[in-house]
Amino acid sequence: MALLELRDVRKVYHLGGEEIRALDGITLNIDGGEFVSIIGPSGSGKSTLMHILGCLDTPTHGTVTLDGTPIQQASARELARMRNRKIGFVFQFFNLLPKLNVVQNVELPMIYAGLNGHQRREKALKALEAVQMGHRLKNRPSQLSGGQQQRVAIARALVNDPKIIFADEPTGNLDTHTGEIILELFRSLSKQGRTVIIVTHNPEIAAVTPRRIEIRNGKIADRVDARLAGLEKTALLSHSGHDTTIAPA
Amino acid sequence: MNLWNAMEVGLKEIWAHKFRSLLTMLGIILGVSSLVAMSAMVTGMEKGAREALVAVGGLQKVRVEGQPVPPDQRHLRDFARGVTLSDVYAIQGSVPEIEDVSPEMRLDTPPTLTANGKFTRTFMTSGVWPVQLEMMEHKVEHGRMFNEVDDELARSVCVIGTGIRDDLWGDPEKTGEEIIPLGKTISVNGYPFTVVGMFEHYESEQEHRERQIRKAEEAKRIAAGQTNSAAGPRRDRGWNGGGRRGGFAFWIKNHTVYLPLNTMWVKLVSGVTNVPAEPRLSNLEIKIRDVQNLNLALTEIRNVLMINHHGVEDFAFRTQEDWADQINLYIKNARLSGGLISGISLLVGGIGIMNIMLASISERIREIGIRKAVGAGGVDVFVQIVVESVVIAMIGGAVGLVTSLGLLQLIAFVSPTDNAPIVTLSAMAFAFGASVLVGVLAGLFPAVKAARMNVIQALRYD
């Protein structure tokens, strides 16, 4: 059984009497340990998809199963619990709390997991070591560079030992070099066996992931746009399975 | 999310906006301090009033006074002979519930007392039996009370309170020496009376303490070689209320002059024209054995008097119940009005907290979004906001408790009262509890708002 299973997922918004179908019948499986990128132009519905996959939102129609638990009907409290235990988020704008220092930021998810202070400190230090930020524990986010902030954010995402890591444009706010380093970090996480899902419209990032899912007009595109997927030169397209997947470049 | 964590975050928030938090707390500080100060002042007043009540004999005392006949007995008014000594004997003989009866005879107009070249007037000049001493809780400190023989022989003797001594011979605190006028002569409406005794000085505990302090300071000044702090020649600076401090009850007690009842009648009353042949008393003081039996005793006394007065109801009862009730009512009203003011202040403080919490959550929409994204549930966010609100209120409350002491000093300075305020622990606990409650209530609405915030919109918020 796949880690994430979506069956005919629809998400409909009503905006001033007008019906907007952000997602229009998405069916998709993501297995444990996969390294996936979700690509698509702005307004395609890829953010909505990520919200649903990340338990930030529930679909209007269809079923979503995360690690064997159906979440399409889950209450806000259950969703919060899922986010806390099974999911780690990395955002484009890092989203660290400016008033807390590095360790406190990383400890944040564990506070809601109910760990005591001692356990929190221990695990936070370990996670920060893993992203090579063990030397800036007492700094505030504003005292760190963008790349350093994103490392802290990754440490925060990892600290509750989640099954899936979602990254929403994780390099969008970084320079090319730093972006590469962060991307390398995700790759190594994937190699350690974690499921990593990156939402991006950056072709260079999409090119790194073995599997790419392109969303267009709320649906999974039959063919991955080669330019979007960063595959223009290689253009090795293949059609396998229900969703469009591209063999590693 | 444990409470300690929420508290830590709350304290950090307060510290991050020091000035804003202080302004917010101000309402609570004022509310709590006014609540404590008000309660302390009312408690002080209550204690003073109860002391005064005890000073005049407490609830056990009943007074029988002469009264004009009621309208439906107008045709009988020629038979009304007022309260007389025969009533005293009748009550003594027929009412077992009473401990004692003491007749009192006063002049219609306060007599002029002259001695030492000065004069004074007091409506507390009365002819009494020696038993009046116990009845009115008097204590003779110097000399003696007149006795039955003095009364029987209508001797011209009197016992005075310290207030009379102060008026005629000078206040020891002002003159510096205490005169005990035993054996001296006071003329009452022109008739000479020998002072055979003087009561002790009556005062409230508060007044007593103040006097001790003044005395100690005076001694210190003298030790330091300064004789008198006031500059220039000695002068009377006019009425300053000094003579009447410590409550009216104590003032009256100190301005008492007792003459033997018989002397009063023979020398001062019967000489006046148009008086009835039988000595008419102004009132009877009756002490009941047990307050529990007050109603029974009153009924019995009334029955005895009605028989003695041939059915003419030319007398009335006055008990201290009315006074006790008045004290209670007054205290209740003072509590209520003070509580209302403090309550409004706390309410305003609560609105201030709610306002600032609403401002705080709209500043922290993104923070709330992040907390929710990493797993904070609605309950966690709710608790967080309520705790922050309570922390503000609690700090405000604690500061308010401290300020209340200062506020009391300020009130005492601006308008000194006879009754020192009494700060009770229960009042402080109540005020603090009220501030915590206000914190919880003020936090509820912002907390619900924050808890219901949509996580996706909150994360996108700039």
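Author: What follows is about the aromatic rings and how they pair.

This is a predicted model, in which local features need pLDDT of at least 70, side-chain atom pairs count only at pLDDT 80 or more, and totals for chains, interfaces and linings use all residues. Residues are numbered from 1 along each chain as its sequence is written, chains are lettered from A and ligands numbered from 1 in the order in which they are written, and side-chain values use heavy atoms, with hydrogens and water left out.

A search of the whole structure gives six aromatic pairs over all chains. Rings of Phe, Tyr and Trp (its six-membered ring) pair if their centres lie within 6.5 Å; planes under 30 degrees apart are stacked, over 60 edge-to-face, and the rest tilted. One of the pairs joins Phe89(A) and Phe166(A), which is stacked because the ring centres are 5.9 Å apart and the planes lie at 25°. Phe89(A) belongs to strand S6 (residues 87-90) of chain A and Phe166(A) to strand S7 (residues 164-168) of chain A, so this pair ties together parts 77 residues apart in sequence. Strands (E, at least two residues) are DSSP runs, numbered from the N terminus. Phe89(A) has 5% relative accessibility and counts as buried; Phe166(A), at 0%, is buried too. Buried means under 20% relative accessible area (1.4 Å probe, protein chains only).

In chain B, Phe199(B) and Tyr258(B) make an edge-to-face pair, 5.8 Å centre to centre with 80° between the planes. Phe199(B) sits in strand S10 (residues 191-199) and Tyr258(B) in strand S11 (residues 257-260), 59 residues apart. Both Phe199(B) and Tyr258(B) are buried.

Methods
Helices (H or I, at least four residues) and strands (E, at least two) are DSSP runs, numbered from the N terminus. Buried means under 20% relative accessible area, exposed over 50%, partly exposed in between (1.4 Å probe, protein chains only).
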